[in-house]
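Let's take a walk through this model together, moving from charged side chains to paired strands. Have the structure open and follow along as we go.

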Amino acid sequence: MNLSDFMSFQIAEGVTIGDVLTVEFLASILGNVLAAIAILFVGMLIGRWAARRIRGLGAQHSSLDTTLFNFLGSLTRYAIMAVTVIFVLNRFGLETTSLVAALGAAGLAVGLALQGTLSNVAAGVMIILFRPIKVGDFVEIADEMGTVKDISLNYTELASMGNTQVIIPNSEVWGNTIENYSVYPLRRAEWTFGVSYGSDLKKAETVILDTIMADERSMKDPEPWIQVNNLGDSSVDFLVRVWVDAGVYFYYQADMKRRVKEALDEAGIEIPFPYRTLVMAGGEAPAMPELSEKAES
């Protein structure tokens, strides 16, 4: 094959190698490449700027949830980059309609293969949008209790009461009952204290309530509540309810158990515990069977 035949060889319909090697054609290709690079660069700058602006808006106001604005910022950046890629493809004369259809079919196949992961992502979007929990909340989810450290699209991270990392998939977070201890500023502490049937109930009630209300953390409004709640097998049970700030609830509840026990002991009020009395026939203990020589050895 001589040079003339090589230059006239068709690489596409109506396009020969000679046409490709012309200065005008190469200049147009170079121009398209430079334009595509410029479009990508501008798109990346706009995407980053928009994401920073949205995230900064959430950081400026303490009443706004930063997790939600971080998610919206990332979503905006990805949307701008997707539009940028479509502009680049159009620059090279590619039909984006068929490409979008192909990407849709590929996305469907990938979605079917990653159902579990996508369910976590969908649940993460719902958590971020509806905000049943937020970073810093003390919660109990799926039998796990701890402080929320991070909420991503795939999982929620808790720091347990023992300061260990707990990772819960978002599908389990959204699909389970969430008990959030940080939403309301007040909590109602509740105890059951039992005294013996022979105790002076009025005195026991006064000792219990005075001991609890002597603590500065106990709130007088709403009014505390104490009543005999149960007549047990060996005790008369008082149910006590007192309101307290949510931030001190756990330590407060534990402190009051010890203080009430000590106060009842000091007042001479018996706190009963289960015990059994054995009555032997004839007043003597039954004879134990003698061990055989084999057993003794």
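**Charges, bridges and strands**

Helix 9 spans residues 249–266 and holds both glutamate 262 and arginine 258, which sit four residues apart, about one turn of the helix. Helices here are DSSP runs of H or I with at least four residues, strands are runs of E with at least two, and both are numbered from the N terminus. This is a predicted model, in which local features need pLDDT of at least 70 and side-chain atom pairs count only at pLDDT 80 or more, while totals for chains, interfaces and linings use all residues. Residues are numbered from 1 along each chain as its sequence is written, and side-chain values use heavy atoms, with hydrogens and water left out.

The term stands for a side-chain nitrogen of Lys or Arg within 4 Å of a carboxyl oxygen of Asp or Glu. Arginine 258 is exposed, at 60% relative accessible area, whereas glutamate 262 is partly exposed at 41%. For these classes, buried means under 20% relative accessible area, exposed means over 50%, and partly exposed lies in between (1.4 Å probe, protein chains only).

Salt bridges with shared partners also link Asp215, Arg217, Asp255 and Arg259 into one network. Within this group, arginine 217 meets aspartate 215 at 3.0 Å, N to O. Aspartate 215 is buried, with a relative accessible area of 7%, and arginine 217 is partly exposed at 23%.

How many salt bridges does the structure hold? There are eight. One of them joins lysine 134 to aspartate 137, with 3.6 Å between the closest N and O atoms. Here lysine 134 is partly exposed at 41%, while aspartate 137 is buried at 6%.

Next, look at proline 132, in the loop between helix 6 (115–130) and strand 3 (138–141). Proline 132 is partly exposed, with a relative accessible area of 31%.

Now turn to the surface, where Arg48, Arg52, Arg55 and Arg77 gather in a patch of positive charge. Such a patch is made of residues with over 30% relative accessible area and no salt bridge, like charges being joined within 9 Å. Helix 3 (residues 23–60) gives the largest share of the patch, three residues. Arginine 77 belongs to helix 4 (residues 66–91), and this arginine is partly exposed at 32%.

Finally, follow strand 10 (residues 236–245), which pairs with strand 9 (residues 225–231) in the antiparallel sense over six bridges. Two strands count as paired if DSSP finds at least two bridges between them. Strands 9 and 10 form a hairpin, with four residues between them. Along this pairing, valine 228 stands opposite phenylalanine 238, and glutamine 227 has leucine 239 as its bridge partner. Strand 8 (residues 186–195) also runs antiparallel to strand 10, joined by 10 bridges. There, glycine 194 has aspartate 237 as its bridge partner.

Is strand 10 mostly covered or mostly open? Strand 10 is mostly covered, with seven of its 10 residues buried.

Methods: Patch = residues over 30% accessible without salt bridge, like charges linked within 9 Å, V, L, I, M, F, W, Y side chains within 5 Å. Areas by Shrake-Rupley, 256 points an atom, 1.4 Å probe, with all protein chains shown as cover. Lys, Arg positive; Asp, Glu negative; His and termini not counted. Charge placed at Lys NZ, Arg CZ, Asp CG, Glu CD.
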